[in-house]
Amino acid sequence: MASSLPLNVNGREVTITVDDPAMPLLYVLRENLELRGPRFGCGLGQCGSCMVLLDGEAVLSCEVKLSTVGAGKIVTLEGLGSPDQPSPVQQAFINEQAVQCGYCLNGVIIRTVALLAKNKNPSVAEIKRALADNLCRCGTHLRMIRAVQRAARNA
Ligand code: FES
Ligand code: FES
């Protein structure tokens, strides 16, 4: 039987009707709400490409069941900024040209936002630790570190 659940996404209250409330949040964001910032990479909690902010914490949306979100506030890449008005972190990644294919970028930016919210001036070691589980097959890690440092300076 279908269930309807309220969700707060990017500051908007929406109601989602699904057959299985245990379905991953990632599917709801991408398919029901057509938010394509969060990517489907592995679907197994191993790549980081599906990250969103849930009450300010970076979480793997492929591992979060829709039914567990409750009143939590979800922010996706789309909620941070737009191509016309990128957020400071997004702008820093553009300035540093810190991606190649871009598949990992959603997760890296979400993780960076969560990091800088807690630590306004992270060291290189702290940045590396924060991004350690965000896999980038293109190997743009050095530029990413520079982008995080730039975002921290500009915050
Ligand atoms: S798709 Fe969620 S961690 Fe890979
Ligand atoms: S830029 Fe291609 S996976 Fe990171």
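Where does E34 lie? E34 lies in the loop between α1 and β3, where helices (H or I, at least four residues) and strands (E, at least two) are DSSP runs numbered from the N terminus.

The model shown in these views is predicted, so that local features need pLDDT of at least 70 and side-chain atom pairs count only at pLDDT 80 or more, while totals for chains, interfaces and linings use all residues. Residues are numbered from 1 along each chain as its sequence is written, chains are lettered from A and ligands numbered from 1 in the order in which they are written, and side-chain values use heavy atoms, with hydrogens and water left out.

**View 1. Two residues with positive phi, E34 and Q97.** E34 has a positive phi of about 55 degrees although it is not a glycine, and with a relative accessible area of 59% it is exposed (buried means under 20% relative accessible area, exposed over 50%, partly exposed in between, with a 1.4 Å probe and protein chains only). Q97, also not a glycine, has a positive phi of about 45 degrees; Q97 is placed in the loop between α3 (88-95) and α4 (105-118) and is exposed, at a relative accessible area of 51%.

**View 2. The aromatic pair of Y27 and F40.** The structure holds 1 aromatic pair, formed by Y27 and F40, which are tilted at 6.4 Å centre to centre with 35 degrees between the planes (rings of Phe, Tyr and Trp, the last by its six-membered ring, pair if their centres lie within 6.5 Å; planes under 30 degrees apart count as stacked, over 60 as edge-to-face and the rest as tilted). Because Y27 lies in helix α1 (residues 25-32) and F40 in the loop between α1 and β3 (51-54), the pair ties together parts that are 13 residues apart in sequence. Y27 is partly exposed, with a relative accessible area of 37%, and F40 counts as partly exposed at 36% relative accessibility.

View 3. The domain assignment, which is automatic or comes from a database, gives domain 1 (3-79) and domain 2 (81-154), and their C-alpha centres lie 21 Å apart. R39, M51 and L77 supply 41% of the area that domain 1 buries against domain 2, more than any other three residues.

**View 4. The salt-bridge network of E96, R146 and R150.** A search of the whole structure finds 3 salt bridges, a salt bridge being a side-chain nitrogen of Lys or Arg within 4 Å of a carboxyl oxygen of Asp or Glu. The side chains of E96 and R146 meet at 3.3 Å, N to O, and this pair links distant parts of the chain, with E96 in the loop between α3 and α4 and R146 in helix α6 (residues 141-154), 50 residues apart. E96 also forms a salt bridge with R150, the closest N and O atoms being 2.9 Å apart. E96 is buried, with a relative accessible area of 13%, whereas R146 counts as partly exposed at 40% relative accessibility.

Terms used:
Buried area = accessible area lost by both parts, 1.4 Å probe.
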